[in-house]
Amino acid sequence: MEKELLFITVIGEDKKGIVAKISNFLYKKDINIEDINQRIMGDGYFVMTMLVDIKKSTIPMEKITWELEKIGKSLELRVQLQHENIFKMMHRV
Amino acid sequence: MTISVEEVYETASMILYQNLDIRTTTLGINLKDCIDSDFKVFKKNVYGKVYSNAIKLVENARALEMKYGIPIANKRISITPVSLVMESHCTKKKFIEMARTLDRAAADAGIDFIGGFGALVQKGLTKSDRMLIDVLPDVLSKTDRVCSFLNVGSNVAGLNLDAVNLLGGMLKQTAEKSKNAIGCAKFVVFANAPEDNPFMAGAFHGVGEGDITLNIGISGPGVVQTVVKQNRECDLTQLSEIIKRTVFKITRAGELVGRELAAALKIPFGIVDISLASTTVAGDSVANVIEAFGIEKIGAHGSTLAVALLMDAVKKGGAMASGNVGGLSGTFIPVSEDEGMIDAVQKGALGLDKLEALTAVCSVGLDMFAIPGDVPEETINAIIADELAIGIINNKTTAVRVIPVPGKKAGSLVKFGGLLGTAPVMAVNPFSAKDFLKRGGRLPAPVTSMRN
């Protein structure tokens, strides 16, 4: 089955429980994590990216975005969900 | 293919912190097939075609905003120049009724501006074109969403000075009839108007276009300003290179959204307009980009070179990113909609003369600037004629959106609010070109137009 891949981007200050909270939510909604990376950027921001497959998700994309925003607020972090195509278009010729 | 954390972060921060958005998605709609000898039927056809397509645009644009996490700031409609479709219904009353119909269709569908209440008069005026100009003060002051344009010159037709001579009076009447002269903000006069421009107030659906087309306008002053600030020491070649790379990325995002939106609407994708467009939001200013180059205030000597460099780099990056670059694809330096421009005028760094010079190297024109309400109409006509002559001779689009504000003197401030911002009233040269403009007629097409 073809995958539907999206990137979750988490930006802010590093703290405990970020990966746990987000991956727990994804697990409950049947969203598979394909890849996960994190880095402290030159400007001091903690950035984590997750590549997720939402093909089997039990909730639509709109709801995933809302839920992730809620988790982001509780951790005082910015969380963004975006289809992978935008990154392919912008960063690959 | 893997995307690195840095790349994801770059895109996310452009959207979250640097005001990257798709500035406009504009649906061009042909109205020629709506014409009917029964005016009631004609209006019904127009309302139906505009409303049904506009609703679909708004719905599908929302879905894409969600999918890509990128805001689509404006959803708009452009239509066939209205004077064309009104030729056989050429009365003042019917023109106003048509404007109200368009205004209602846009309002009902949740569209803020509908462009195309205009005419192509670069060579001459038909009865319908004259009627349209005649009703503009009423249309622009009595409707909220209807935008108007006139194309009065081109590099193959020259400049129709007779048409220009009607505009100063028309604009002064419009200003008198509308609060804060705001009606004038919805009218643009062009030379070499592109038929696929997605940006208001000058958007219209050209006669060479298909039935329905989707055109996209990107944004990005904040993004360009950020990379320029990160590279304070590099020379001009490197600076150009950095801007090119950034604009490539922005344009690709526009191209992606445009293609998908057109596919969802089952209509052809038109163009991506790569103009850098400022907004009243802090950090979204083209003037600030120029200042980040190392110019103390836009308008200082050196600004023309800076705008030239910026625009050339933007075009090169955009052209590589999309095979469908079109529209205006210049840079907008609207005075009232750009906080850096407002500040430069207020501090005395920028006047009308320098603004006109900047438009010669690739900004699109004299945009959203206020002048005292007592400036004679001939002088307004002369401002327009000068700006359009730059376009005609240099084979480019130029335009004017001028707001003569009744009762205001140079140096005062006029607040329009919302997207239209705040305009410092600019001083105008007090000497007259009245006797020159009175000659009327048409500036012949320049010799550069003879290419066959």
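# Notebook: chains A and B

**Entry 1. Asn395(B).** I began with a single loop residue. Asn395(B) counts as partly exposed, because 13 C-beta neighbours lie inside 10 Å. I noted that the model is a predicted one. I placed Asn395(B) in the loop between α14 and β11 of chain B. I then read its backbone: phi is positive, about 60 degrees, although Asn395(B) is not a glycine.

**Entry 2. Cys362(B).** I looked up another residue with positive phi. Cys362(B), likewise other than glycine, has phi near 130 degrees. I found Cys362(B) in the loop between α13 (352-360) and β10 (365-372) of chain B. Is Cys362(B) buried or exposed? Cys362(B) has 22 other C-beta atoms within 10 Å, and therefore it is buried.

**Entry 3. A cis peptide.** I checked omega at Met200(B). The peptide bond from Met200(B) to Ala201(B) is cis, and its omega is near 10 degrees. I located Ala201(B) in the loop between β7 and β8 of chain B.

**Entry 4. Strands β8 and β9 of chain B.** I followed the chain on to β8(B), which spans residues 212-218. This strand pairs with β9(B) in the parallel sense, over three bridges. I recorded one facing pair, in which Leu214(B) stands opposite Phe269(B) of β9(B). How many of the five residues of β9(B) are buried? I counted four, and the strand (residues 269-273) is thus listed as mostly covered.

**Entry 5. The two domains of chain B.** I noted the division of chain B into domain 1 (26-191) and domain 2 (216-446). Their C-alpha centres lie 22 Å apart. The contact between them involves 39 residues of domain 1 of chain B and 41 residues of domain 2 of chain B. I listed the elements that give two or more residues to the domain 1 side: α2 (39-68), β5 (146-154), β6 (158-160), α6, α7 and β7 of chain B. Which element gives the largest share of that side? I found that α7(B) does, with seven residues. By class, the domain 1 side has 24 nonpolar, eleven polar and four charged residues.

**Entry 6. Helix α7(B).** I turned to this helix, residues 167-177, for its burial. Its buried residues are Leu167(B), Gly168(B), Met170(B), Leu171(B), Lys172(B), Thr174(B) and Ala175(B). I then asked what covers the buried residues of α7(B). The cover includes the helices α5 (127-142), α6 (161-164) and α14 (377-394) of chain B. It also includes the strands β7 (187-191) and β11 (398-405) of chain B.

**Entry 7. The sheet of chain A.** I traced an open sheet of four strands in chain A, with the order β2-β3-β1-β4 and antiparallel pairing. Its edge strands, each pairing on one side only, are β2 (32-40) and β4 (78-83) of chain A. The twist from one strand to the next averages 15 degrees. I examined one pair in detail: β1 (residues 5-12) and β3 (residues 46-53) of chain A are antiparallel over eight bridges. Within this pair, Thr9(A) has Thr49(A) of β3(A) as its bridge partner. I then looked at what packs on these strands. Helix α1 (residues 18-28) of chain A lies across β1, β2 and β3 of chain A, at about 15 degrees to β3(A). From the other chain, α1(B) packs on the sheet and touches β1, β2, β3 and β4 of chain A. The direction of α1(B) makes about 70 degrees with that of β1(A).

**Entry 8. Contact between the chains.** I looked up the interface as a whole: 19 residues of chain B are in contact with 25 residues of chain A. On the chain B side, at least two residues come from each of α1 (5-17), α2 and α9 (236-265). The largest share of that side, seven residues, belongs to α1(B). I divided the chain B side into twelve nonpolar, two polar and five charged residues.

Entry 9. I looked up the contacts of Leu102(B), leaving aside residues up to four places away in sequence. Leu102(B) touches Val46(B), Val50(B), Ile114(B), Phe117(B) and Val146(B).

Terms used
Residues numbered from 1 in each chain as written. Chains lettered and ligands numbered in written order. Predicted model: local features only at pLDDT ≥ 70, side-chain atom pairs only at ≥ 80, totals over all residues. Buried ≥ 20, exposed ≤ 12 C-beta atoms within 10 Å, placed from the backbone. Contact = placed C-beta atoms within 7 Å. Domains from an automatic or database assignment. Nonpolar A, V, L, I, M, F, W, Y, C, P; charged D, E, K, R; others polar. Pairing = 2+ DSSP bridges. Axes fitted to C-alpha atoms, helices over the stretch in contact; angles between N-to-C directions.
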